[in-house]
Amino acid sequence: NYHFLFSKQGMMRMRADQEFKAPGSWVTLGGSPAGAAYLEKKHQAGTGFLETQSCGDDQKKSATAICAKHLQETRHPQMFAECVYDICQGGDESFAETAAAFLLPLEESSA
């Protein structure tokens, strides 16, 4: 049983592990009835749970500036591109700060 995830960088195939399948409904797992209704509506419509929005030129320019403040585009181009994408999708500066924090041990070890 496989699920396919599509991203800006390409497609990734993930296996659905049955051993981690949660028994019961969203409500029996501690979720709200409103949440259960929302999930059921999405399931019935066949729409994805992850919805993306387009990033306009001004928004992309702003996201690029925020990421450049915390990350080196030339040293970590993949992380930089993901940072810009995340901020375009509604993230804030904390996303860039977190990415920089993950890269800090790599920076320190290569110094």
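Reader: Which helix holds Lys 61, and why is this residue called exposed?
Author: Lys 61 sits in helix H2, where helices are DSSP runs of H or I with at least four residues, strands are E runs of at least two, and both are numbered from the N terminus. The relative accessible area of Lys 61 is 64%, so it counts as exposed (over 50% is exposed, under 20% buried and anything in between partly exposed, with a 1.4 Å probe and protein chains only). Its C-alpha atom is 8.9 Å from that of Val 84, which is 23 residues away along the chain.

Reader: What kind of model is this, and how are residues numbered?
Author: It is a predicted model, in which local features need pLDDT of at least 70 and side-chain atom pairs pLDDT 80 or more, while totals for chains, interfaces and linings use all residues. Numbering starts from 1 along each chain as its sequence is written, and side-chain values use heavy atoms, leaving out hydrogens and water.

Reader: Thanks! Which elements does the protein have, and in what order do they run?
Author: There are 4 helices and 2 strands, and from the N terminus the order is β-β-α-α-α-α. Of the 111 residues in the protein, 15% are buried.

Reader: How about Ala 100: where is it, and what makes it partly exposed?
Author: Ala 100 is in helix H4. Its value is 21%, and therefore it is partly exposed. Ala 100 touches His 70 and Leu 71, not counting residues up to four places away, and its C-alpha atom is 9.0 Å from that of Cys 67, 33 residues apart along the chain.

Reader: What makes a set of residues a nonpolar core, and which residues form the largest one here?
Author: The members must be buried Ala, Val, Leu, Ile, Met, Phe, Trp, Tyr or Cys, joined through side-chain atoms within 4.5 Å. The largest such core has 11 residues: Ala 63, Cys 67, Leu 71, Phe 80, Cys 83, Val 84, Ile 87, Cys 88, Ala 96, Ala 99 and Leu 103.

Reader: Why are H2 and H3 called oblique to each other?
Author: They pack at about 130 degrees, with axes 9 Å apart (axes are lines fitted to C-alpha atoms over the stretch in contact, and angles run from 0 to 180 degrees between N-to-C directions). Under 35 degrees would be roughly parallel, over 145 roughly antiparallel and 65 to 115 roughly perpendicular, with the rest oblique; H2 and H3 are therefore oblique.

Reader: Which residues make the contact of H2 with H3, and which classes do they belong to?
Author: H2 brings Gln 59, Lys 60, Ala 63, Thr 64, Ile 66, Cys 67 and Ala 68, and H3 brings Phe 80, Cys 83, Val 84, Ile 87 and Cys 88. By class, that gives 9 nonpolar, 2 polar and 1 charged residues.

Terms used. Contact = heavy atoms within 4.5 Å. Nonpolar A, V, L, I, M, F, W, Y, C, P; charged D, E, K, R; others polar.
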